[in-house]
Amino acid sequence: THTLSHTHAPQNCSALVAMSCDGGDFVFEAGKRRRLAELAHPAAMDGVADADATDRSKKGSLDAPIVNLVGFINAHPDYVTTSSCSGRVAIFAEDSAAPKASGQWLYVSHAPPQTENIVGVCTAPDLQPNTDANLKFEPFVLHVQCRSLQAAQTLFQVAFESGFKHSGINIGNKKTIVAVRSTIKLDVPVVLHGKLAVSTEYLDWVVASAVDKFALNDSRIKRFEDGLRARLAQQSVTGVPAQKQQKQQKQRKQEQRPTRGPRLVTTIVCENGHTVTTTTLHQS
């Protein structure tokens with residue numbers, strides 16, 4: 001998974017549109033051809049690691065739960081995925097006596113874990129005395145290169161509405177990238193100095209929490225995929241981008257509101273000297 005700096009899509013961004021379109025189509029088409037060639041190997045699309053597959057992830061292939069989603073996005077002329085992870089639980093170990101960069105993954109799974117598997121990893125006899133390890137849950141993340149800022153805004157809006165509140169748009173070097181991300185995370189120390197540092201009861205709770213986060217993560221992925229399919233299908237029928245459709249709908253609602261005519265102000269003087277003023281709006 002790549003780290004990507006992000007900004008929310010600006011409301012008035014004509015300057016950015018010009019910047020991203022200047023040579024952007026050529027860069028996009030070249031990048032899409034290259035990326036689709038990388039994914040053309042059967043192993044890369046089957047979610048199975050293979051030495052011949054050229055997927056850019058460390059795993060070497062797409063994660064099985066999002067193969068259909070990635071395929072759908074890449075079939076659209078305005079998008080191409082650059083990296084992805086369906087969500088995973090992992091145990092990351094570091095040598096407390098070595099630099100932080102010397103860590104290693106002891107366990108990685110893109111499916112909900114079982115407590116016995118986690119216990120087995122945390123109590124393995126080959127753990128070194130200086131080993132410290134954390135159990136982590138890392139949610140779904142997807143990076144998509146977009147043909148235009150308008151296409152990026154559509155994707156970003158669907159992601160944000162689907163619960164991926166940490167999503168953003170990055171524009172630079174003639175590329176427009178949408179990062180679809182959320183904050184469903186878990187990071188708990190479980191091994192200290194080569195020994196299991198928590199009780200099995202606590203580990204049960206941690207694993208149950210990771211399973212719950214998997215379920216929430218999967219539901220958001222489905223909401224995102226369903227929402228994106230619906231939004232792009234709507235655009236293909238109308239030929240109008242979603243943002244423009246919403247603007248047109250707002251304009252129609254404003255036009256349907258009754259227009260206000262001149263105001264009639266009436267002042268009544270009571271016998272006791274008090275005055276009462278009423279205002280009537282004439283609507284056309």
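Strand 2 (residues 88-95) is largely enclosed by the rest of the structure, because six of its eight residues are buried. Buried means under 20% relative accessible area, exposed means over 50%, and partly exposed lies in between, with a 1.4 Å probe and protein chains only. Helices (H or I, at least four residues) and strands (E, at least two) are DSSP runs, numbered from the N terminus.

This is a predicted model, in which local features need pLDDT of at least 70, side-chain atom pairs count only at pLDDT 80 or more, and totals for chains, interfaces and linings use all residues. Residues are numbered from 1 along each chain as its sequence is written, and side-chain values use heavy atoms, with hydrogens and water left out.

The term pLDDT is the predictor's confidence in each residue, from 0 to 100. For the protein chain its mean is 81, and 69% of the residues reach 70 or more. A contact means heavy atoms within 4.5 Å.

Now back to strand 2 and its neighbours. Two strands pair if DSSP finds at least two bridges between them. Strand 2 pairs with strand 4 (residues 131-138) in the antiparallel sense over eight bridges; in this pairing D95 stands opposite T131 of strand 4. Strand 2 is also joined to strand 3 (residues 104-109), again antiparallel, by five bridges. Here I91 has Y107 of strand 3 as its bridge partner.

What is the order of the strands in the open sheet? The five strands follow the order 3-2-4-8-9, and the pairing is antiparallel. Strand 3 and strand 9 (195-196) stand at the edges with a single partner strand each, so one side of each is left without a neighbour in the sheet. Further along the order, strand 4 and strand 8 (residues 186-192) pair in the antiparallel sense over five bridges, and L135 has V188 in strand 8 as its bridge partner.

Helix 5 packs on this sheet, where it touches strand 2, strand 3, strand 4, strand 8 and strand 9. Its direction makes about 170 degrees with that of strand 3; axes are lines fitted to C-alpha atoms, for helices over the stretch in contact, and angles run from 0 to 180 degrees between N-to-C directions. The buried residues of helix 5 (residues 115-122) are T115, I118, V121 and C122. Seen down the axis of helix 5, these buried residues fall within an arc of 130 degrees, so they line one face of the helix. The arc is that of the directions from the helix axis to the C-beta atoms.

Helix 4 (residues 67-75) can be read in a similar way. V67, L69, V70, I73 and N74 are buried. They cover an arc of only 165 degrees around the axis, which puts them on the same side of helix 4. The exposed residues N68 and A75 are carried on the face turned away from that buried side.

The last topic is charge. Side chains of opposite charge can pair when their charged atoms come close. A salt bridge is a side-chain nitrogen of Lys or Arg within 4 Å of a carboxyl oxygen of Asp or Glu. A search of the whole structure finds nine salt bridges.

One of them joins R88 to E138, with the closest N and O atoms 2.6 Å apart. R88 lies in strand 2 and E138 in strand 4, so the pair ties together parts that are 50 residues apart in sequence. R88 counts as buried because its relative accessibility is 19%, whereas E138, at 24%, counts as partly exposed.

The side chains of K136 and D187 also meet in a salt bridge, at 2.9 Å from N to O. This pair links distant parts of the chain, with K136 in strand 4 and D187 in strand 8, 51 residues apart. K136 counts as buried at 18% relative accessibility, and D187 is partly exposed at 45% relative accessible area.

Within helix 2 (residues 24-39), E38 and R35 are three residues apart, which means that about one helical turn separates them. These two form a salt bridge whose closest N and O atoms are 3.1 Å apart, and both E38 and R35 are buried. Finally, a network of salt bridges links D25, E29, D78 and R147.
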